[in-house]
Amino acid sequence: MKTSTFRIVPLPTEVAERARRAVKAGAADHAVVIADSPTSYPCRHCLRFARPGERMILFPYAAIPPGHAYSESGPIFVHADACERYSATREYPHELRNGRAFRAYNARYDMIDAEVANGSEPEAIVEKLLQNPETTFVDARSVTRGCFTFRVQRA
Ligand SMILES: [Zn+2]
């Protein structure tokens, strides 16, 4: 197996923990939902789909921070109970091989390219986007709902 040129960046644990505290404090923009499908609730912290019946927190996350032309905040899920942050960061997350679009951004958070994995290997798309020296990071998003899923940087 060849060494990957990328590094998966899951949601920071502190962001997941902050969401769990916000739910306990009754924050109006943090909802607890029960997963009712095995492939609809990807946790951005462990990068696994919730199993039906698991409690998930739905809350807005600014994947592209305020103050930029491409600033964007949108809904993401994390497990309501503690989970282990995805650690196989040199491997593309197995459960998220399908249904992702990839957006390349430069150092000023400008979106400079984007591709959908239409049957091709997601690793190949990520590596191609990172080959552009202007690309600082690539964001994987849901191709259907557009929600931020995880970030990819150079290894
Ligand atoms: Zn999780």
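How much space lies in the largest pocket? About 330 Å³.

This is a predicted model, where local features need pLDDT of at least 70, side-chain atom pairs count only at pLDDT 80 or more, and totals for chains, interfaces and linings use all residues. Residues are numbered from 1 along each chain as its sequence is written, and side-chain values use heavy atoms, with hydrogens and water left out.

**Stop 1: the pocket.** Select Ser 40, Pro 42, Phe 77, Ser 142 and Arg 145. Of the 16 lining residues, these are the closest to the centre of the largest pocket. By class, the lining has 8 nonpolar, 5 polar and 3 charged residues.

**Stop 2: the zinc ion.** Select Cys 43, Cys 46, His 79 and Cys 83. Their SG, SG, ND1 and SG atoms, in that order, are the protein donors, 2.0 to 2.3 Å from the zinc ion. Donors are N, O and S atoms within 2.8 Å of the metal (3.2 Å for Na, K and Ca). The spacing in sequence is C-x2-C-x32-H-x3-C. Now pick out Cys 46, in the loop between β2 (31–34) and β3 (55–64), and Cys 83, in the loop between β4 (72–79) and β5; the pair is 37 residues apart and links distant parts of the chain. Strands are DSSP runs (E, at least two residues). Both cysteines, Cys 46 and Cys 83, are buried (under 20% relative accessible area, 1.4 Å probe, protein chains only).

**Stop 3: Ala 104.** Go to strand β5 (residues 100–105), which holds Ala 104. Ala 104 is buried, at a relative accessible area of 0%. Next, show Asn 132: its C-alpha atom is 9.2 Å from that of Ala 104, 28 residues apart along the chain.

Note on methods:
Helices (H or I, at least four residues) and strands (E, at least two) are DSSP runs, numbered from the N terminus. Buried means under 20% relative accessible area, exposed over 50%, partly exposed in between (1.4 Å probe, protein chains only). On a 1 Å grid over the protein atoms alone, a cavity is a set of points where a 1.4 Å probe fits but cannot get out, and a pocket is an open set with protein on both sides within 12 Å along at least five of seven lines; lining residues have an atom within 4 Å of a point. Grid points are joined across faces, edges and corners, and a volume is the space filled by probe spheres set on the points. Ala, Val, Leu, Ile, Met, Phe, Trp, Tyr, Cys and Pro count as nonpolar, Asp, Glu, Lys and Arg as charged, and the others, Gly among them, as polar.
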